[in-house]
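Dear colleague,

I am passing on the structure below, together with some notes on how its parts are arranged. Please read the notes with the model open beside them.

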Amino acid sequence: MNVPEAASEGRQALFSAWLSEHVGLVFKVARAFAPADADRRDLIQDILLQLWCSLPRFEGRAKVSTWIYRVAFNTALAWRRKETKHRAPQIPLIEVEELPGAEEDTARRLDQEQIVAHLYSAIHQLPKVDAALVLLYLDDLSYREMAEVLGISENHVGVKLNRARKALAELMKEVTYEP
Amino acid sequence: MNPDELKELWHDQLAGRRLTLDAGIVLRQIEQSKRDFEATMFWRDVREVGAALLAAAFFLWFGIKDGIWPLLVAAALTAGVGVFMVVDRYLQRRRRPPYSDPLLACAEESLAQIDHQIWLLKNVFWWCLLPLGLGCVLFWGQSSWTLLKAGLWRLKDLEFPVGCVLLYWGVYHLNQYAVKKAFEPRRQETEALLQNLKSNAE
């Protein structure tokens with residue numbers, strides 16, 4: 001096997017491993033920025049393409065998840081909704097599969113799903129940078145990691161996140177949830 | 001709902017479900033998208049650069065064959081347009097914003113690229129239409145002069161310059177329309193994004 005082939009196989013193996021570990025992250029970013037199914041499929045494909053193309057630039061300085069967030073957000077921010085006639089037919093790249101036994105407590109699950117859908121809708125209404133910050137916050141990233149993704153100082157993250165959270169709370173104030 | 005409840009829900013949103021993807025299918029799809037994109041870019045370049053180089057070859061051939069110097073100038077001008085396009089595309093391709101950079105850096109680079117595109121389209125008259133137009137004027141002037149000397153010039157020979165003017169007018173306005181409809185909104189959006197990222201940064 002020659003060097004380019006080996007490098008290419010290594011890249012494919014790394015890509016597959018990262019995807020299986022961080023597929024949820026890609027899915028959440030796509031759902032937040034592209035609510036409609038067809039748009040989401042389109043955005044997911046763009047994010048995966050950019051991840052693949054950016055992979056040789058990964059230097060290991062940032063955590064893998066932080067790096068994937070950067071690529072995913074940059075792609076989502078540059079992404080434009082395509083007209084249906086310009087959209088190539090796509091197969092869904094990420095499948096959502098129900099696990100056995102998940103049917104239990106269906107009423108509670110439906111209730112939760114509605115609130116999550118409302119949450120995504122609220123995030124989608126925020127300015128794009130605030131939406132990105134809220135996603136990072138909900139996924140429990142530290143201020144430092146958020147600063148690394150956005151390229152701004154940690155203090156600035158604090159100020160912006162505070163505002164974004166208030167805006168989100170305002171959008172979510174009519175939603176009640178009994179766990 | 002308080003923030004902790006929201007976070008709990010957020011983390012539980014995929015509970016009872018599994019997200020699966022087939023890396024092989026993903027890679028095949030990615031390679032296909034890459035190939036499609038590269039083919040689109042390649043044929044766009046071939047079309048635009050090729051047209052300029054074809055016109056240059058046309059002027060050069062007639063210029064050398066008939067020993068007419070204005071046509072050689074026209075060939076140099078049109079070839080210059082083609083070379084300008086090739087160099088500009090090469091430089092811009094190297095400047096493409098790296099998506100793995102932080103959002104602020106990537107947005108700044110995107111804005112610089114959009115500004116460059118707007119500059120190119122707004123100034124299409126100076127770097128494209130004027131040199132190509134001068135080439136056409138030289139070509140038409142030379143042909144008309146020869147016909148005039150031979151007493152063969154007809155009013156009908158004005159069709160070529162009138163056609164050129166109409167075509168150039170159309171191309172110019174199409175470019176300005178693209179700036180207004182596609183690039184200015186993208187510029188405003190990217191500027192707003194940058195402003196949002198930078199507000200209170202200092």
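A crossing is called left-handed if the near helix is turned anticlockwise from the far one by less than a right angle, and right-handed if clockwise. Helices (H or I, at least four residues) and strands (E, at least two) are DSSP runs, numbered from the N terminus. This is a predicted model, in which local features need pLDDT of at least 70 and side-chain atom pairs count only at pLDDT 80 or more, while totals for chains, interfaces and linings use all residues. Residues are numbered from 1 along each chain as its sequence is written, and chains are lettered from A and ligands numbered from 1 in the order in which they are written.

With that convention, helix 3 of chain A and helix 4 of chain B cross in the right-handed sense. From helix 3 of chain A, the contact is made by F73(A), N74(A), L77(A) and A78(A), and from helix 4 of chain B by L103(B), C106(B) and S110(B), where contact requires C-beta atoms, placed from the backbone, to lie within 7 Å.

Taken as a whole, the contact between the chains draws 53 residues from chain A and 39 residues from chain B. On the chain B side, helix 2 of chain B gives the largest share, 8 residues.

As for chain B itself, it has 6 helices and 1 strand, in the order α-β-α-α-α-α-α along the sequence. Its radius of gyration (taken over C-alpha atoms) is 26 Å, well over the 17 Å that the globule rule (2.2 Å times the number of residues to the power 0.38) gives for 202 residues, so chain B is more spread out than a compact globule. The C-alpha atoms of chain B fill a box of roughly 90 × 45 × 30 Å, taken along the principal axes.

With best regards

Key
Contact = placed C-beta atoms within 7 Å.
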